[in-house]
Amino acid sequence: MALPFPAAAVIVAGGHGSRMESAVPKQFLPIGGIPILVHTFRRFFHTGLFSSIVIVLPEDQLDSWREIQQRYLKPEETFLLAPGGKTRSESVLNGLKALPATTPECIVGIHDGVRPFINPEFLRNCLNTAWEHGNAIPCITPPESFRYMDSAQADETLSHAIDRQRIRSIQTPQCFRLSTLQADFQRQDCRSFTDEASLAEASGNPIRLCEGLLQNIKITRPFDLQLAEFLLQKGY
């Protein structure tokens, strides 16, 4: 069923694989024989929820992606391409600029390119929540216990416990009204923010959390790649 409002997506894939201990950028590593970023893009595209999808990649990876596109994607699986910036926020801003002109009421979802295990129901809930409340940030309650380090120094050993019932692990897509997010980028120095929720919050916008998805993992380390293969085999 179609959404009662327009929606677009910006998929940010700016990694170089350092934590993955791989010479291949992590978004191009295969799971099930297909690059991670192809899985992620297809999950978005085939929901039919998005009028435009922008993929943001570092400029030195654009040629590699075009080769992947020719090998794995069908001609009808279309997207827009934007070069990344020096920071995640700059990359997101480049992706927003690449979107075609649309109504200010468009909802845009900003998603990590290495989170391929999303599904239509989850995306629809994120978009509908953002339409109703202005933004939607998916999250889960982590099962682990947490401690807060009393100092940011590397050799610090003192810490104290945190109530895990009040902790949330943040996922993507982080969804916003496009006009509001564009205004937030103009209002703030985006280089100091690691995600769009923090940027919106700094601009005075209340953040609305919504239900995340347990399998919506971010593939950043070798173990994550093994877990991704398992999830894919189980049909996620």
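User: What makes strand β7 (residues 135-140) count as largely enclosed by the rest of the structure?

Analyst: Five of its six residues are buried, so β7 is largely enclosed by the rest of the structure. Buried means under 20% relative accessible area, exposed means over 50%, and partly exposed is in between (1.4 Å probe, protein chains only). Bear in mind that this is a predicted model, where local features need pLDDT of at least 70, side-chain atom pairs count only at pLDDT 80 or more, and totals for chains, interfaces and linings use all residues. Residues are numbered from 1 along each chain as its sequence is written, and side-chain values use heavy atoms, with hydrogens and water left out.

User: Why is I140 called partly exposed?

Analyst: I140 lies in strand β7. Its relative accessibility is 22%, so I140 counts as partly exposed.

User: What does I140 touch, leaving out residues up to four places away in sequence?

Analyst: I140 touches I167, R168, S169, Q171, G212, L213 and L214. Contact here means heavy atoms within 4.5 Å.

User: Which strands does β7 pair with, and how do you know?

Analyst: Two strands pair if DSSP finds at least two bridges between them. Strands themselves are DSSP runs (E, at least two residues), as helices are (H or I, at least four), numbered from the N terminus. β7 and β11 (residues 174-177) have two bridges, antiparallel, and A136 is partnered there by C175. With β10 (residues 169-170) there are two bridges, again antiparallel, and C139 has I170 as its bridge partner. With β12 (residues 209-211) the sense is parallel, over three bridges, and C139 has E211 as its partner in that strand.

User: Now the helices: why is α3 called oblique to α5?

Analyst: Two packed helices are described by the angle between their axes and the distance between the axes. Helix α3 (residues 88-98) and helix α5 (residues 178-187) pack at about 135°, axes 11 Å apart. That makes α3 oblique to α5. The classes are under 35 degrees for roughly parallel, over 145 for roughly antiparallel, 65 to 115 for roughly perpendicular, and oblique for the rest. Axes are lines fitted to C-alpha atoms, for helices over the stretch in contact, and angles run from 0 to 180 degrees between N-to-C directions.

User: Which residues make that contact, and how do they divide?

Analyst: On α3 they are S89, V92, L93 and L96, and on α5 they are L178, L181 and F185.
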